[in-house]
Amino acid sequence: MRLLLTLVAVAVLTASVAGCSNDVAVTYSENAAGGLLRVRVGGEGYRDVLEHVANSTLAGDVKLELADAADDANTEVADGRADLAFYQTQPAFLGNQQANKLDTLSIVSKVDVAPYALYSSRWKDLAPTDDWVNSNLVPDSITGRSLPHGAEVAVPATKAGFARSLYLLQSVGLVKLDRPFGGLSVADLSVSEANVTESQRHLAIRGLDFSEYAKDIYHNYDAVVLDPTTATSIGLVPAKDALAIEPGPGNPYARVLIAPSRLAGDPRVSALAHALESKEVAQYLQNTYHGKFISAQLPFQP
């Protein structure tokens with residue numbers, strides 16, 4: 001009878017985890033309910049979130065052993081040298097999984113996002129406006145402080161950075177693409193100006209390398225799209241300074257917790273996954289990072 005009750009309890013927990021993960025083959029481990037979870041973890045925004053969960057007992061009495069993730073961290077989880085991995089975005093994991101045939105691994109939690117954001121040193125907001133700049137036909141016509149028609153917007157020249165910038169501009173009604181945000185196909189993750197069907201504000205989008213001149217670019221263009229690390233490096237605070245920030249929910253670039261199929265149904269993994277997706281962790285991210293990292297589950301409130 002005791003064995004039967006144990007299996008029923010594990011099955012319920014398995015269903016709970018499956019609600020936020022890929023479908024995986026369920027297997028059971030003799031020591032699934034006890035001992036440390038060995039986690040291969042990334043740096044800022046990864047390690048400290050797990051430490052916060054552990055120190056605040058948001059996952060109950062689950063104990064974590066954290067070690068820096070190496071390049072082969074997913075393989076370590078797959079072959080049993082580690083239990084979980086939390087150091088990568090969803091596209092990075094899916095690419096690594098396919099390249100290394102790591103079919104026993106799956107996403108059990110979409111935790112947070114390092115969001116790209118739109119900034120301007122010249123304009124105050126994105127409110128509707130009839131103002132124009134850079135038309136080369138008539139003099140600039142400026143009556144307010146909203147981003148004008150014809151504005152030059154600098155975005156990262158990388159494939160992912162350019163795509164994320166376009167989706168961000170679409171999210172606030174500045175351009176329209178031929179697809180919605182959130183897809184994980186190669187085509188979805190590499191949209192370009194060829195996918196723009198309408199530019200409601202007639203923007204001139206410039207793909208640039210921000211690595212050395214981010215501050216100069218910020219001050220010399222009407223607006224810029226920056227990743228949060230670059231933004232904070234030049235003194236910007238996303239929650240305070242951004243005109244628009246990428247959404248967390250539905251973001252394909254969510255940073256994810258990875259687990260092997262041998263731990264499917266493990267109550268420790270279920271408790272940790274639910275804790276990482278909780279409103280308490282969303283609040284911790286907001287209070288600690290002010291928009292540099294935001295919850296992948298709950299809308300960001302600047």
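These legends walk through several close-up views of a predicted model.

Residues are numbered from 1 along each chain as its sequence is written. Local features in this predicted model need pLDDT of at least 70, side-chain atom pairs count only at pLDDT 80 or more, totals for chains, interfaces and linings use all residues, and side-chain values use heavy atoms, with hydrogens and water left out.

**View 1. The whole chain, with its confidence and surface.** The chain averages a pLDDT (the predictor's confidence in each residue, from 0 to 100) of 89, and 89% of the residues score at least 70. Take some care with residues 1-33, where pLDDT stays under 50. For that stretch the model has 37 contacts (heavy atoms within 4.5 Å) beyond four places in sequence. Across the chain you will find 11 helices and 13 strands; helices (H or I, at least four residues) and strands (E, at least two) are DSSP runs, numbered from the N terminus. Of the 302 residues, 47% count as buried; buried means under 20% relative accessible area, exposed over 50%, and partly exposed in between, with a 1.4 Å probe and protein chains only. Among contacts between residues at least 6 apart in sequence, 74% join residues at least 24 apart. The accessible surface comes to about 14300 Å², and 53% of it belongs to carbon and sulfur atoms. Accessible areas come from the Shrake-Rupley method with a 1.4 Å probe, and for residues only the protein chains shown count as cover.

**View 2. Helix H2 and what covers it.** Helix H2 spans residues 47-55, and its buried residues are Asp48, Val49, Leu50 and Val53. An α-helix has 3.6 residues a turn, so residues three or four places apart point the same way. The cover over the buried residues of H2 includes strands E1 (37-41), E2 (64-68), E3 (84-89) and E4 (105-113). Helices H10 (267-276) and H11 (279-289) are also part of that cover. Leaving out residues up to four places away in sequence, His52 touches Leu58, Glu280 and Tyr284. His52 and Val281 are 229 residues apart in sequence, yet their C-alpha atoms are 8.2 Å apart in space.

View 3. Most residues other than glycine have a negative phi, and most peptide bonds are trans. Thr57 counts as exposed because its relative accessibility is 52%. Ala59 belongs to the loop between H2 and E2 as well, but Ala59 is buried, with a relative accessible area of 11%. Setting aside neighbours within four places in sequence, Ala59 is in contact with Val53, Ala271, Leu272 and Ala275. The C-alpha atoms of Ala59 and His274 are separated by 7.6 Å, although the two residues are 215 apart along the chain.

View 4. Lys101 lies in the loop between helix H4 (90-100) and E4, with a positive phi near 55 degrees. At 68% relative accessibility, Lys101 counts as exposed. Leu102 is found in this loop too, but Leu102 counts as buried, at 8% relative accessibility. Beyond four places in sequence, the contacts of Leu102 are Asn74, Thr75, Ala78, Asn96 and Gln97. Leu102 and Asp79 are 23 residues apart in sequence and 9.5 Å apart, C-alpha to C-alpha.

**View 5. Pro156 in strand E6.** Pro156 has its place in strand E6, residues 152-156, and counts as buried at 11% relative accessibility. Not counting residues up to four places away in sequence, Pro156 touches Tyr116, Gly161, Phe162, Ser165, Leu208, Phe210 and Val225. Pro156 and Gly207 are 51 residues apart in sequence but 5.3 Å apart in space, C-alpha to C-alpha.

View 6. On a 1 Å grid over the protein atoms alone, a pocket is an open set of points where a 1.4 Å probe fits, with protein on both sides within 12 Å along at least five of seven lines; lining residues have an atom within 4 Å of a point. The lining includes Glu44, Thr89, Arg164, Asp227, Tyr253, Arg255 and Lys292. The lining residues divide into five nonpolar, two polar and five charged. Here Ala, Val, Leu, Ile, Met, Phe, Trp, Tyr, Cys and Pro count as nonpolar, Asp, Glu, Lys and Arg as charged, and the others, Gly among them, as polar.
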